[in-house]
Structure formats: structure tokens, C-alpha cells
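Please keep the structure in view while reading.

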Amino acid sequence: MIAVILWILVLSFVIMFSVRGFKVVQQAEVMIIERLGKFKKILGPGLHFIIPVIDNPRGIYWKHVQKGSNGKVYGYYVVKDRIDLRECVYDFPRQNVITRDNAGIGINALIYFQIVDPKSVTYEIQNLPEAIEKLTQATLRNIIGEMDLDETFVSRGKINEKLRIILDDASQKWGIKVNRVELQDIIPPADIQTAMEKQMKAERDKRAAILEAEGLKQSAILKAQGEKEAQINRAEGEKQAAILIAEGNAEARIREAQGEASAIEKVVAAIGNVGPADKYLIAMKYIETLNSIAQGQNNKVVYMPYEATGVLSSIDGIKQMLDAKK
């Protein structure tokens, strides 16, 4: 009976020894193994066997954040015997910082980092997430303390890059690589936020007034230019019309003179050498002038021209020429 009990104890010890000796490590994870409290080796992904009791995994503290039912965020610590090599995202809790112009603002951020040296993470720092949080708080206070309030709102990219460089340089000995830092919110106090909203509204109203004035100015300029061009075009048109009318009148007068000259030539050719042609022409023009003067409904005066004798002599000369022609 005693032998059976001994065999059972031995078998149980072997099974327990085997279970504790075999370790399975997942992909993208590593395990730190210590032998009698001293670093022995790093186990990569796969199945491994260690000597129980003598070899033991080294655990590390890791901080986790969880939101409670009341909406508040709580942090708690766990001990992990495996180190995740994937990129981690740490939600940096909101903290109050003071700008160079003594304005208090609340800032929270996201930090993306990755473990590149598991041994350094285990032995160079006690609690990596908490160390990153405290380092970020101190660095962020220094960066924001060198800026004015307005500058912090327009320099997010500058703050992110500067914070990433400082964190990455300071955490190299911890065996991690800080890939990027993203500021989520920059929340000023309520009174400052109200003043900023009023300032933004005043700036928008100012820009709207300036744009409206610029529009009216451009409209007036374009209208004046249009009127100027219209007047120029109108003057050019009137000028061209006057030129054409003058040219037409000149052409008409030339044609009339040519016709009159042709008529005179025909008269002279018809008269020939019988008598003086100049007397005939003068007498005809004189009679036409008298006829135009005597026309009119209210013209009741009968008069004899001053050179009546000359006219009569001209008429007599015309008569003589016609008789001679016959």
C-alpha cells in the first residue's frame, strides 16, 4: 500500500514537473527566463522546455486602463510573464498644463511605441507604461510652457514631433521605440473658450465685411470701366457716322457740281457762237432767285429788283439768241 502511494506521488511529481517545464510562446511574444534569480535566456515563439523550480519566467508590471460604468477612467496593474512585441497604443490621460502667457489648458494624447529590447524593458525600468506617462507629462509641460495659448492651437504637428523626438531619445535605454505621438484634445478654460469664440466671431464678421467691401469696390470699378468703354464706343460710332455723312455730302456736292458742269457744257454746245453764254446763265440764275424770294402765302409785296434794266437786257439777249438759233 505504501509502495502504491509512493508511485502515485512520484507520478504526480513527474506530471507536474513536465507541465511546468514545457512553455508555449505565441507569435510576436517573448519570455524572459531566469535561472535561480539570474537572467538565463529569452524564449521566442514556439514550444520550449525549462527546468522547473530552477528556471522561472520573469514577470513584468503592465498598466491597463479601463473605463468604469460612471464614465471615469481607472488604471490597474497586472504582472505578465510574456512581453508583447507588437506596437502598443497608450492613451495618455488628460492633464492640465500652463502656457507661457499663464493660460491653463487640458491636453490628452495617444502614444504609439514598440518594444525592441525585451531584456532592457524587464531590467532597466520597473513599470514601463507608468514611466512613459510620467515622462510624457514632464516633457509636455516643458514644451507647452514655451508657447503662447494661440500658438498651441496652430502647432499640433510641431508639438507632436518635438514630443516624439524627446520621448524616443529618453526611452532608448528602456528598450522601446516611440513611433509617433498624437495630441487628441486641447481644451482651454471655459472663460477663455468663450472669449475665443467671441474673437472668432468678430474675425469672421470682419472678413465678411472686408469681402463685401471688396466686392462693392470691384463692382464699382467694373461698372465705371463699362461706362467708359460704352462712351468711347459711342463717341467712335458718332465720329464714324459724322465722317460718313461728311463724305456723303462731299460726294453729293461733287456729283451735283459734275452734273451742273455737264449741263452747262451741253447748253454752251447748244448755243454755239450765236451769242454770249454768260449772259444767259446769269439771267437764268437771277430769275430762279427772284422766284424763290417771291414764294410764300403771306408775301403780298410786288417789287422790281434794283438791276431791273440789266435783267431786261439779259432777257432781250436771250430772245435774240433764240431768234438767231431759229
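Two strands are said to pair if DSSP finds at least two bridges between them. The model discussed here is predicted, and within this model strand E9 and strand E10 (residues 104–115) pair in the antiparallel sense over nine bridges.

**The sheet**
- The open sheet is formed by three strands in the order E9-E10-E11, and their pairing is antiparallel.
- Strand E9 (88–98) and strand E11 (176–187) stand at the edges with a single partner strand each, so one side of each is left without a neighbour in the sheet.
- On average, and with direction ignored, neighbouring strands of this sheet are turned by 25 degrees against each other.
- Where E9 and E10 pair, Asp-91 stands opposite Leu-110 in E10.

**Helices on the sheet**
- Helix H3 lies across E9, E10 and E11, and runs at about 40 degrees to E9.
- Helix H5 also packs on the sheet, where H5 touches E10 and E11, and its direction makes about 145 degrees with that of E11.

**The two helices together**
- H3 (residues 128–145) and H5 (residues 156–170) pack at an angle of about 135 degrees, their axes being 10 Å apart, which means that H3 is oblique to H5.
- The crossing in which H3 passes H5 is right-handed.
- Among the residues of H3 that meet H5 are Leu-135, Thr-136 and Ile-143, while the residues on the H5 side include Ile-159, Lys-162 and Ala-170.
- Sorted by class, this contact of H3 with H5 has nine nonpolar, two polar and one charged residues.

How values were computed. Residues numbered from 1 in each chain as written. Predicted model: local features only at pLDDT ≥ 70, side-chain atom pairs only at ≥ 80, totals over all residues. Heavy atoms only, no water. Axes fitted to C-alpha atoms, helices over the stretch in contact; angles between N-to-C directions. Helix = DSSP H or I, 4+ residues; strand = E, 2+ residues; numbered from the N terminus. Parallel < 35°, antiparallel > 145°, perpendicular 65-115°, else oblique. Left-handed = near helix turned anticlockwise from the far one by under 90°. Contact = heavy atoms within 4.5 Å. Nonpolar A, V, L, I, M, F, W, Y, C, P; charged D, E, K, R; others polar.
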